[in-house]
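Here are my notes on the model you sent. They are set out as numbered points, to be read beside the structure.

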Amino acid sequence: MARGADRRPEGMSVKTKRVAAIDCGTNSVRLLIADISGDELTDVERRMEIVRLGQDVDRTGRLAPEALERTFTAMRGYAKLIREHAPDGPVPVRVVATSATRDAANRADFVSGVRDVFGVEPEVVTGDEEARLSFTGATRGLARAGAEAETPCLVVDIGGGSTEFVVGSRSVEGALSVDIGCVRLTERHLRDDPPSATTVEAAVADIEAAMDRVEESVPVRTARTLVGLAGSVTTVAGIALDLPAYDPARIHHSRIPAERVHEVSARLLRMTHDERAAIPVMHPGRVDVIGAGALILDRIVRRYGFSEVVVSEHDILDGIAWSLA
């Protein structure tokens, strides 16, 4: 997914800093090249490739050779883009890896490959750091964009291997990363097409157990606004909005009522693979895992009684970029 070419304005202030952020998750690897000036972050390039780095990690504890190669291929393309968008010389690059890499016994193979591609050491961040980066990326632009949210906010970043729960207002008041994600739950439970009621119940039990752990250390019950991040949430939003195609501008800061979240989640879990693939906003790489992602969002909305979810296209990737400022 790309957003235009190099849009560096003429006479751009010398205080503007161009940065490159790479987020390598369980399901996708993403790139953001951005210009940061004061409190403004302007996209230069924003890209995403589904690489499924976390393929079978939950079962084997290792990154599969073919998954590593898919990831490195995408990264080599990103490195080329970064060079093309560096008119004034090299830009600072930060590569962050999350759940799948944290869990892998052979993560040294990943670290070595990333170093070869970008010339920098990837950071295999903790779940807490992942949560804090997601919170920064999601909330920094809310007020400026006219999407004021009643605070504290609960920010949930539903990834492939984990989900981050973060509560805060101007700063983080509590955060926890738990091992429930759309890829992990699909591989564990939702392997039928469509999933059976029994497997859905097993997935729900995992989600509820994870939220029990969250409530022990994060003040989720104090939150007044739910902000949802990442591809599962944005895809659910696109379906709820009945969009004819995926449109980030329409999805970003949309407000999806709880009733629509419940309807979309239930519908996705009843559908076959081919039926999900035919949904206009569906990325091909999300077809087999979107049911699990929607289910996680649905259970969060139900458990904490939110009337809606504010959807953000800005997430950990933007938080990584801000960290380079």
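1. The buried residues of helix 2 pack against strand 1 (17-24), strand 2 (28-37), strand 3 (40-50), strand 4 (93-97) and helix 4 (107-118). Contact here means heavy atoms within 4.5 Å. Helices (H or I, at least four residues) and strands (E, at least two) are DSSP runs, numbered from the N terminus. This is a predicted model, in which local features need pLDDT of at least 70 and side-chain atom pairs count only at pLDDT 80 or more, while totals for chains, interfaces and linings use all residues. Residues are numbered from 1 along each chain as its sequence is written, and side-chain values use heavy atoms, with hydrogens and water left out.

2. Helix 2 covers residues 65-84, 20 residues in number, and spans 29 Å from its first C-alpha to its last, close to the 28 Å expected at 1.5 Å a residue. The expected span is 1.5 Å times one less than the number of residues. Among its buried residues are Ala67, Leu68, Phe72, Met75 and Ile82; buried means under 20% relative accessible area, exposed over 50%, and partly exposed in between (1.4 Å probe, protein chains only).

3. How do helix 2 and helix 4 cross? Their axes come within 9 Å and cross at roughly 25°. That makes helix 2 roughly parallel to helix 4, given that angles under 35 degrees count as roughly parallel, over 145 as roughly antiparallel, 65 to 115 as roughly perpendicular and the rest as oblique. Axes are lines fitted to C-alpha atoms, for helices over the stretch in contact, and angles run from 0 to 180 degrees between N-to-C directions. On the helix 2 side the contact includes Leu68, Phe72, Met75 and Arg76, and on the helix 4 side Phe110, Val114 and Phe118.

4. An open sheet of 5 strands has the order 3-2-1-4-5, with mixed pairing. Strand 3 and strand 5 (123-124) are at the edges with a single partner strand each, so one side of each has no neighbour in the sheet. Strand 4 and strand 5 run parallel and are joined by 2 bridges; two strands pair if DSSP finds at least two bridges between them. Ala97 has Val124 of strand 5 as its bridge partner. Helix 2 packs on this sheet, and its direction makes about 20° with that of strand 2. Helix 13 (residues 316-323) also packs on the sheet, touching strand 1, strand 2, strand 3 and strand 4, with its direction at about 140° to that of strand 1.

5. Within helix 13 lies Asp318. At 1% relative accessibility, Asp318 counts as buried. Leaving aside residues up to four places away in sequence, Asp318 touches Leu32, Leu41, Arg46, Gly137 and Glu313.

6. Arg52 sits in the loop between strand 3 and helix 1 (57-60). Is Arg52 buried or exposed? At 16% relative accessibility, Arg52 counts as buried. Arg52 and Ala67 are 15 residues apart in sequence and 6.3 Å apart in space, C-alpha to C-alpha. Ala67 is one of the residues touched by Arg52, which also include Arg70, Val183 and Asp288.

7. Strand 9 (residues 225-229) is mostly covered, with 5 of its 5 residues buried. Thr225, Val227 and Leu229 point one way, and Leu226 and Gly228 the other. Strand 9 pairs in the parallel sense with strand 6 (residues 153-158) over 5 bridges, and 3 bridges join strand 9 to strand 11 (residues 308-312), also parallel.
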